[in-house]
Amino acid sequence: MEAAIVTDNSEMNLALLIGCAVFAVVTGKPQDPVASDHEELILSLNKKLLRSLEDQSSLPNPSVHLALRLSTHHNLDMERAHLVRLMADLHRDLESSLAKHQPVTGLLALYALALRASCTEVSALTLNQEPLILQLKKQMEREKEHIATSHRPLTNYYQYSLGVLALCASGVRVSTHVSNKLVHAIKHDHTKNGVCDSVDTLAVAGMALQCLKESVSVQDVSQLDETLRTVKQKLVDSQRPDGHLGNEFSTGLAVQALLAMGSQVSDYSASLEALRTDVRKGTYHNPMGISQTLPALQQRSYLHVKTAECREKDDSLVLGPKPPSKEPSSQMVSLQVDVISADGSPSFRTQVPKDCSVYEALTLLQENQKDFTFETESSLWGPFLSVVNGERARQSDRSYWHLSSDGTSLTQGIQDYKIEKAQKITIKKTIY
Ligand code: B12
């Protein structure tokens, strides 16, 4: 099997070299095979992201829109249609959440960034009769008040950072009280989210603070500089031997941040290589994961939206025929599901089709075992496991259902993690 891959690769490399030689003869320009491989990977990821727009079963995703707009390749008709959906469906959803006083800082910030990336005049838009930017500012005020009283934002520092970034990238002055809270949190290491790596949060915070530093109204540049140095150092220190900064799903954001902060190429070249290896392995299939990674591979960051001009000439991105979906496996594997909560620790055993998702496995379990139930909430990353056996884990009491497989914390959610072999999945009520 290995030998076959080696042969395939060497054939591919040979074909690539011949192709490049022919190109060089025809055009008189040498073409670097490494560069063309990199371009192929970007195109494959860009197409996957574009393909995700065809699924209209959930709300349009502003993070996906942002990445499509930041790309150098475009399908302008599909991007325009997606923008229309954002401004209708997501807009309505945000209005409804705001009317119920639910915190929507991150989603609203991503929406503002997506609009800005499409050169839509954000200042002309209203949500529930109030300017969108004012609504975002109010969300940030609520978050800030919550930090003052409870030492944590209402949502989390990831969303708080997105809020600062969106305001700043829209050319709006960010109150020093708001930015100081972020500076303080970084200084005192308060940005962690339980098992969820702080690298993602540090990366977005870094981009937000860099944006502030570059804006005209900034007051205390030396304090910002010091915090940016801290963020940069923490990101560089998070590098694993395989080049990832944090894990596969934080590296894209971390590289974006290092780019935005003007780091040396040597600080992130191994991480870019790790991302390329991930793309080749097919690690990124969740549109949210792709949307955070693609800009980094194109050496762009969310900070670019600040200067977006929307005069792109490229409209070359076309989708080929849809790849056939994989047939479900007839092979079965054993699965044990342990639920650990204050009310007890029931354990369940079942057989599930090989390669099914945890979501499918839990659905089968629910159908066959009367003592097991679960519910999910939709999010930009897909279904988030929120209720197990009637017990809800929620943001307001800082609890969630943590997932692990044979003792190792999952790096993907219930829809994306596939059961490839017999194993034990543990679902544990956890406070963070
Ligand atoms: C904060 C955070 C959390 C918090 C969320 C609650 C809070 N404090 O607000 C907590 C600690 C609960 C959490 C849990 C998990 N998380 Co988390 N989380 C994040 C983080 C840093 C920010 C999310 C956010 O606020 N986004 C902004 C808003 C606008 O988007 P949103 O979609 O509306 O946000 C909600 C969802 O993202 C949801 N959520 C958070 N994490 C996850 C993970 C998955 C798989 C899903 C479906 C939803 C989800 O909570 C957000 C707030 O309500 C991201 C980093 C990132 N790069 O996105 C990681 C991230 C999304 N989480 C991740 C993971 C793996 C998990 C867990 C599966 C870990 C585990 N082993 O149990 C669990 C989810 C388990 C479950 N019950 O389904 C990965 C997902 C990678 C992937 N390919 O799927 C990320 C990218 C971190 C990383 N680099 O590995 N997370």
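Is the disulfide of C168 and C211 left-handed or right-handed? The torsion about its S-S bond is about -95°, so this disulfide is left-handed. Before going further, please keep in mind that this is a predicted model, in which local features need pLDDT of at least 70, side-chain atom pairs count only at pLDDT 80 or more, and totals for chains, interfaces and linings use all residues. Residues are numbered from 1 along each chain as its sequence is written, and side-chain values use heavy atoms, with hydrogens and water left out.

## Disulfides

A disulfide is a covalent bond between the sulfur atoms of two cysteines. Here the term is applied to a pair of cysteine sulfur atoms within 2.5 Å, and the structure holds 2 of them. Counting bonded cysteines along the chain, they follow the pattern 1-4, 2-3.

Helices and strands here are DSSP runs, numbered from the N terminus: helices are H or I with at least four residues, strands are E with at least two. C168 counts as buried at 3% relative accessibility, and C211 is buried with a relative accessible area of 0%. For these labels, buried means under 20% relative accessible area, exposed over 50%, and partly exposed in between (1.4 Å probe, protein chains only).

With 95° about the S-S bond, the link of C119 and C310 is right-handed. C119 lies in the loop between α5 (105–117) and β1 (126–127), and C310 in the loop between α13 (287–297) and β3 (332–340), so the pair ties together parts that are 191 residues apart in sequence. C119 counts as partly exposed at 33% relative accessibility, and C310 counts as partly exposed at 26%.

## Annotated binding site

The unreviewed UniProt entry carries a "binding site" annotation that covers T155, N156, Y157, Y158, Q159, D200, N247, Q292, W401, H402, L403 and L410. They span 256 residues in sequence, and the farthest two C-alpha atoms are 24.2 Å apart, so they do not all gather at one spot. UniProt positions are given in the numbering used here, feature names are shortened, and annotations may be inferred rather than shown by experiment.

Leaving aside neighbours within four places in sequence, Y157 is in contact (heavy atoms within 4.5 Å) with I147, H151, K181, L182, A185, H190, T191 and T201. Another annotated residue, H402, has its place in strand β9 (residues 399–405), where H402 counts as buried at 16% relative accessibility.

## The open sheet

Strand β9 also takes part in an open sheet of 5 strands, in the order β4-β3-β12-β9-β10, with mixed pairing. The edge strands are β4 (347–353) and β10 (408–409), each of which pairs on one side only. Two strands pair if DSSP finds at least two bridges between them. Within the sheet, β3 and strand β12 (residues 423–431) pair in the parallel sense over 6 bridges, and D338 stands opposite T426 in β12. Helix α14 (residues 358–368) packs on the sheet, touching β3, β4 and β12, and its direction makes about 115° with that of β4. For such angles, axes are lines fitted to C-alpha atoms, for helices over the stretch in contact, and the values run from 0 to 180 degrees between N-to-C directions.

## Aromatic pairs

A search of the whole structure finds 7 aromatic pairs. Rings of Phe, Tyr and Trp (its six-membered ring) pair if their centres lie within 6.5 Å; planes under 30 degrees apart count as stacked, over 60 as edge-to-face and the rest as tilted. The rings of F249 and W381 have centres 6.4 Å apart and planes at 85°, so this pair is edge-to-face. F249 is buried, with a relative accessible area of 14%, whereas W381 is partly exposed, at 38%.

The rings of Y359 and F374 are also edge-to-face, because their centres lie 5.8 Å apart and their planes stand at 85°. Y359 is in helix α14 and F374 in strand β6, 15 residues apart. Ring pairs link F348, Y359, F372 and F374 into a cluster.
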